[in-house]
Amino acid sequence: MSSGVIKVIVSIVAAILGLISILIIASYSYLDYYEYGLRRQKSTGSVDKTEVYDGGRYFIGPDFEFKIFPADLHEVDIDNAKVFSSDKLEVQFSAHFQYVIRKNELVSLHDAYDLGYKEVMKSSALDAVKGAITVYNVRELINNRSEIEQTVWKSVRERSRRYML
């Protein structure tokens, strides 16, 4: 073989090895420690729901990426919402709470709400608070704050369980 043919063969082999290296590097995806992920195909957008991934580096293929969900606390702030008491007077309230997505329920959450679950949680919490407060009159709302807080907490918890499953 002549040196020209050897150079061509070496060039082709080097190009193939370079392409394989690029494909291997592109096949790794990373999730931070505070994230969950579902494998999503880039070209079609279809989501593989057979496994929920924790934080770490994964070899998932060059045409795949992670659809990311936060694994840490979500904060919900309801500020100056207006609710009617049992004596038909309008009162304003503010509520703040946190929740976390359970890894074993992520697929159900994805199927039901995709990435729009945050607004669903906030609106369902607001509905739960409105329902819980309407059984109290204004005097009870002022004087029995700890009881009201417990009632609202239970109501929001029950409503969120219903919506998140």
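Q: Which residues do ring pairs link into a cluster, and what counts as a pair?
A: Rings of Phe, Tyr and Trp (its six-membered ring) pair if their centres lie within 6.5 Å; planes under 30 degrees apart are called stacked, over 60 edge-to-face, and the rest tilted. Here ring pairs join Y53, Y58 and F66 into a cluster. This is a predicted model, in which local features need pLDDT of at least 70 and side-chain atom pairs count only at pLDDT 80 or more, while totals for chains, interfaces and linings use all residues. Residues are numbered from 1 along each chain as its sequence is written, and side-chain values use heavy atoms, with hydrogens and water left out.

Q: How many aromatic pairs does the rule give, and what is the geometry of Y53 and Y58?
A: The count is seven aromatic pairs. One of them, Y53 with Y58, is edge-to-face, at 4.9 Å centre to centre and 70° between the planes. Y58 also pairs edge-to-face with F66, at 5.7 Å between centres and 75° between the planes.

Q: Is Y53 buried or exposed?
A: Buried means under 20% relative accessible area, exposed over 50%, and partly exposed in between (1.4 Å probe, protein chains only). Y53 counts as buried because its relative accessibility is 10%. F66 is buried too, at 8%, whereas Y58 is partly exposed, at 22%.

Q: Where does the charged end of R39 sit?
A: A charge sits over a ring if NZ of Lys or CZ of Arg is within 6 Å of the ring centre and within 35 degrees of the ring normal. In this model the charged end of R39 sits over the ring of F64, 3.9 Å from its centre.

Q: Which residues form the nonpolar patch on the surface?
A: Patch residues have over 30% relative accessible area and no salt bridge; like charges are joined within 9 Å, and nonpolar side chains (Val, Leu, Ile, Met, Phe, Trp, Tyr) within 5 Å. A salt bridge is a side-chain nitrogen of Lys or Arg within 4 Å of a carboxyl oxygen of Asp or Glu. Accessible areas come from the Shrake-Rupley method with a 1.4 Å probe, and for residues only the protein chains shown count as cover. The patch here has about 990 Å² of accessible area together, and its members are V5, V8, I9, I12, V13, I16, L17, I20, I24, Y28 and F59.

Q: Which element gives the largest share of the nonpolar patch?
A: Helices (H or I, at least four residues) and strands (E, at least two) are DSSP runs, numbered from the N terminus. Helix α1 (residues 3-26) supplies the largest share, nine residues. Y28 lies in strand β1 (residues 28-31) and is partly exposed, at 42%.
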